[in-house]
Amino acid sequence: MAAHLRLRGALALVTGGGGGIGRAVCRRLAREGASVAIADRDEAGAAETLRSLPPGDHEAVRVDVGRAESVAELVDRLQARFSRPATVCVSCAGITMDEFLLKQSEAAFDAVLRVNLKGTFLVTQAVARALVESGASGGSIINVGSVVGKVGNLGQVNYAASKAGVEALSKTAAKELARYGIRCNTVLPGFIRSPMTDKVPAKVLDKFAAMVPLGRLGEPEDVADVCAFLASEESRYITGASLEVTGGLFI
Ligand code: NAP
């Protein structure tokens, strides 16, 4: 099968689809033939992603992944609009609120856990329930963690904890959902150029770039290509895995 049509006929839900990595994932999955539901709290960003996709049956939807009602509405809306559940789901929605441990507020800790970890839980659960209830023969859930969840990072005690949680959640989901033919994997990006890393001081990014064995920071497309592989049948025997997309950083 032509590589660019590995997802023909699939419906793919991408949260954070208005952001840097999410937008690249939406484009990549659409190029593979999928219909894409671009879900984000940033409506303007999601609309911009929609405009950038190749022709197809795509939709931009507002969601707050940290609220169960919002996620339930999203899944219901997809069912009504596309008459089928998403068989591919990529959870890219995420935030940072960086501060050193000694200064970190409870509010900043809670906010990051709410979006990154609870949001991934709510979306994974809702998508898996819809798939199981529909009797669909399989599905691929891809959650975006971070290599920081494995190694920690200065000023990111909340973020690192949330991303470690995403990995553990995904491995558990993989074990529980395998009987339904649903796979669940985690992608662990290193440092990728995006609106999220635009907030990081240039000298810090330069320091990390110099540490990357492949000699550069990542691009959103580097992550999107791995998501497309995990979404496709070419990864049919992979579940519960964590794939680092870091250029070799921290190996
Ligand atoms: P980004 O450009 O900031 O994109 C994240 C998107 O998620 C934004 O559009 C954001 O909207 C949206 N979002 C935030 N909270 C949300 C919520 N409650 N409900 C729905 N959408 C929400 O960041 P990115 O770099 O593409 O990151 C994508 C994912 O990769 C994140 O999970 C991030 O943690 C992870 N990651 C990124 C890197 C990196 O180096 N860039 C490395 C490792 C992992 P707003 O703009 O309104 O906040």
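The largest share of the lining of the largest cavity, 3 residues, is supplied by helix H3, where helices (H or I, at least four residues) and strands (E, at least two) are DSSP runs numbered from the N terminus. This is a predicted model, in which local features need pLDDT of at least 70 and side-chain atom pairs count only at pLDDT 80 or more, while totals for chains, interfaces and linings use all residues. Residues are numbered from 1 along each chain as its sequence is written, and side-chain values use heavy atoms, with hydrogens and water left out.

A cavity here is a set of points, on a 1 Å grid over the protein atoms alone, where a 1.4 Å probe fits but cannot get out, and lining residues have an atom within 4 Å of a point. The count comes to 1 cavity of 30 Å³ or more, and the largest cavity has a volume of about 60 Å³, a volume being the space filled by probe spheres set on points that are joined across faces, edges and corners. Among the residues that line the largest cavity are Leu 13, Val 75, Arg 84 and Val 127. Helix H3 (68–82) and helix H4 (106–134) are the elements that give two or more residues to this lining.

The largest pocket holds about 1,200 Å³ of space, a pocket being an open set of points with protein on both sides within 12 Å along at least five of seven lines. Of the 47 residues that line the largest pocket, Ile 95, Thr 96, Tyr 159, Met 196 and Thr 197 lie nearest its centre. Elements that each supply at least two residues of this lining include helix H1 (20–31), strand E2 (35–40) and helix H6 (157–177), as well as H7 and H8.

What does a search of the whole structure find among the aromatic rings? The search finds 1 aromatic pair, formed by Phe 191 and Phe 208, which are stacked at 4.0 Å centre to centre with 15° between the planes; rings of Phe, Tyr and Trp (its six-membered ring) pair if their centres lie within 6.5 Å, and planes under 30 degrees apart count as stacked, over 60 as edge-to-face and the rest as tilted. The pair links distant parts of the chain, 17 residues apart, with Phe 191 in the loop between strand E6 (182–189) and helix H7 (195–198) and Phe 208 in helix H8 (residues 202–211). Both Phe 191 and Phe 208 are buried, that is, under 20% relative accessible area, with exposed over 50% and partly exposed in between (1.4 Å probe, protein chains only).
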